[in-house]
Amino acid sequence: MTPMIPILLLLMAPDTALKDSLPVAGYWQQRAAYHITAALDEPAGVLLGHARITYVNRSPDTLRDFFVHQYLNAFRPGSRWAAADAAEGRVRFQRLRDPDYAFERITDATVMGERARPDYPYAPDSTIAHWALPRPLAPGDSGVVEIDWRARPSTLPRRQGRQGRRLDFAQWYPKVVVYDRGGWQDHPLYPAGEFYGEFATYDVLLDLPQDQVIGATGVVVEGDPGWEHAKADPRLRIDYQRGWYGPRASGPGCGPVATGRKCVHFHAEQVHHFAFSLNPRYRYDEGRYGDVVVRVLYLPEDSATWGRGIAVRNTEAALAWLDSLYGKFAWPTLTNVHRIEGGGTEFPMMVMDGSAGLGLIVHEVGHNYTMGILANNEWREAFLDEGFTSFQTGWFFERRGGRPAYPALEADVLMLDLARWSEPVSLPSERFRDFFTYNQMVYAKAQLFYEQLRYVVGDETMRRILRAYYARWKLKHVDEEAFREVAEQVSRQDLKWLFGQWLHGTPLIDYALKHVQRTRQADGRWLTVVTIERKGDGFMPVEIGTQGRRGAGDTVYARATGQPARERVEFTTAQRPGPLMLDPRVRGHDYDMLNNRERHGLFGGGAWTLRIDDPFQETVRRDLGVRGLLPVIWSNDFGGVTVGLRERANYLGAFNRGLLLGTVATRRGASQVLGLYGRWSNPIAQLRPRTETSVTAWAVEGRAGGKIQVDRALRQRLVDAADPHVGFDAMWMATTALGYLDRRLWDDAGTVEAGPWFSTTRTRGNTVLRARVGGHAGVVYWNPGPGIVANNRYDFEAFSRVTGEASVRTRSWGARLFAGAYLGSSDPVRQRRISIAGADPYETFTNPFLRSQGALLVRPDFHYQAPGGANLRGFRPDLGGRWAVGLNLEATPWVVRRDQGILRGLGLEAFADAGIVDTTAIPSSPPGQWYTTLYDIGVGVMTRHQVKELAWTLRFEVPLAVNRWDDARDFTPGDKRFAFRWQVSLGSSF
């Protein structure tokens, strides 16, 4: 066949890419045909190929350039993909060396009859190759480009890869860049965003080792793909579909091949990519859904999860669901292969999956509809495929009786919205601040957008929208406008507001129920008038109804538009409506549902639910605040047994957090019998993204005071290794009843102090680095007594207190450096000294087992170490002075590490702590020095535990050597530097 015949056939043939879809006024798309011959050099992992690309310009524009993608060049050093990885701290392709990295190298090219070398407009990235055409390509004109190239997947798999004789070839050939109404879509490949292809006919001849088994896009029209030898069921009669496309007119077929080789010839039409996977160990299964032959290729060791028809049935179930949702599958076959990489990637007529799970298969096969047949630009509008197929996957399981995806999805997206991590879903993929945000927006929030569209138009209308969209736009390039126009026409609604808010903005939605008026009419029915206030900057239709109790369904009486700032809605019912609320089904993405309920009496309208608190796990509700009550009990020497009731409150687990504690000391003669402690934080009505605020007040066990805290997260991206915070604290602490105080740790004094702090945590693999520095300035008052004028007086003195620490922790060792100083004219009161052996009294104050003299963990016969301060853990907890510098070292080899059960880890411990402190803490030895040197050395056992959400570390330690042994925590007369001593702790040392 002469070289001109394929061009003439392509020009004269009917427009097969559009033959099965409805016409769209003004729409056009280019036409292309590939004839590819390629031979695999398997030991090198290199494919040597020749492509003849016939291209017809069906646009109204005259073309002067030609572009192809060379996507494999993304998976190597120097690419924009590698640069994006490096910028976000991912180590993948930027460090690969030959022969591990991928490449796609053009070795020769002829463009419209003239030899030409390509240039690379995005160099050093080489995923886009460009030629200037030797002559303009006018509308209706055509041209031929011939390219020789070499391609190799990378040994690190990502949408392609190679592992011994197992090779996944995707985006492996010079692929024509789409030219659409926006011009050439030449765009380098980034980690965020995938592909965009021109619909074409593919005729592909592959020269392979004889024993290779192949799965690919299209149908086998010639040669042996290896399925007969690989079939798991010897009785299976394979349907090759060789005649599906009729007589071939696209070029020559297979010719002679070398001994031990074979030629396999595939043909596909109306597709925008050709992918294939090779493995001589593949097993082959086959099934059918209607006219579509389902082919599955998997490894022998995966027979239990892929074989026995499991993957076939799951793929058939996916096709059945998707056909019911959109319409008939547009292609003759679908191949599902077990790829090297986990997860999944979609291609026309083919999916490469890391497992045969039903959810993954439904998701990836869904891409054959939204991306494959409804061919969106994946890097420009990723929500049209990723969000779409995530939505249909959730709906699939919901229809099968599973839990709806919406509640968990909506709650997760809401937290991103409230922290202002969300970005407009419609952003081009590489413009998201990071890869994590890209995934959350184009998968999760885009899925939520389709759920909200379904809520606005209703289930039945949503189905009609999807079928109309598919009928009109299948086998065409689609965009947001195409989908929105169909949705508006089918639903007969103006939906621009919905698309605008959910795809192009990040508004917050909040409604408050302001007033309800019920009036009984003359006919006995009830007229109810509801006034709604829109408080957020976004809006959604708002349902008005009652929430079902104990499994009963919700009742919806009316729906408000949600658009006016204040809206009145009337509805009539036969019976008097019960207590009303807005959005009873929680479909409006209203972030503050505490103001959604009708108010009754002094305590509001039931926006909070009361329950017995679970000490191991905090209960969180989307539609209500949760208050949990729990009785508590502890003891100390002065108050005796103390009983109380704790209330823990939250909304969404992060807002309106509260902790109220009321206690009664039972010892006769104790003063301050009643104790009160309260902390309130993060009111959702005063939303401050990435900022935590709290107010605390107390009058408990001989101390009274209050504290205000602000904590602002400074991290700019959730993927950043560093998590810096800046904050401010202001605190008042006073002593009020000396009987409770451990006078080794507390003076009869009070402080008023405030100051800023900064902290950061940086995580790299299993290594965690932390640092914190903070300072307070204020006044200390003490020495109460009668004054000259007043009946009561105090001595006042200004002071400042600065502490800083830095630590590094790996799985097997850790190190920490601490420094602290107190600046004031007088020696510090005991509770504000720089603590040598652990946490200072202000830090342990909130723990009732450490707070007062004789409490459980601070009894004379019990040796407890509360981590903090210089953390010289072998010394007495009451030691402290004006300044201290401490170094803590640990080796922690773990014997047991588990992800389940109460016991999560068991490890051995060896530690050494050393420091220098001022002589007011411990006199120097020999006397006369301005500092005192301290150290301890010991061993121990550590265990880690978790029950539900509550996790803790238990340490049992033996400080074998303490250089100032008379100041050791566990001192027995007669002890020397080396002695047996013990202590325990319920927290990590740092």
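1. Basis. The model is predicted: local features need pLDDT of at least 70 and side-chain atom pairs count only at pLDDT 80 or more, whereas totals for chains, interfaces and linings use all residues. Residues are numbered from 1 along each chain as its sequence is written, and side-chain values use heavy atoms, with hydrogens and water left out.

2. Packing of H9 and H10. Helix H9 (residues 435-457) packs with helix H10 (residues 459-473) at an angle of about 120°, the axes being 6 Å apart. Helices (H or I, at least four residues) and strands (E, at least two) are DSSP runs, numbered from the N terminus. Axes are lines fitted to C-alpha atoms, for helices over the stretch in contact, and angles run from 0 to 180 degrees between N-to-C directions. H9 and H10 are therefore oblique to each other; angles under 35 degrees count as roughly parallel, over 145 as roughly antiparallel, 65 to 115 as roughly perpendicular and the rest as oblique.

3. Residues between H9 and H10. Tyr-450, Leu-453, Arg-454 and Val-457 of H9 meet Asp-459, Thr-461, Met-462 and Ile-465 of H10, contact meaning heavy atoms within 4.5 Å. By class, this contact of H9 with H10 has five nonpolar, one polar and two charged residues. Ala, Val, Leu, Ile, Met, Phe, Trp, Tyr, Cys and Pro count as nonpolar, Asp, Glu, Lys and Arg as charged, and the others, Gly among them, as polar.

4. Packing of H7 and H10. Helix H7 (residues 386-399) packs with H10 at about 135°, with axes 14 Å apart, which makes H7 oblique to H10. In H7, Phe-388, Phe-391, Trp-395 and Arg-399 meet Asp-459, Met-462, Arg-463, Leu-466 and Tyr-469 in H10. The contact of H7 with H10 has six nonpolar, no polar and three charged residues.

5. Cis peptide bonds. The bond from Asp-98 to Pro-99 is cis, with omega near 15°; Pro-99 lies in the loop between helix H2 (80-87) and strand E4 (103-111). Ser-925 and Pro-926 are also joined by a cis peptide bond, with omega about 5°, and Pro-926 lies in the loop between strand E47 (903-917) and strand E48 (932-947).

6. Positive phi. Met-349, a residue other than glycine, has a positive phi near 65°. Met-349 is found in the loop between strand E21 (344-347) and strand E22 (350-353).
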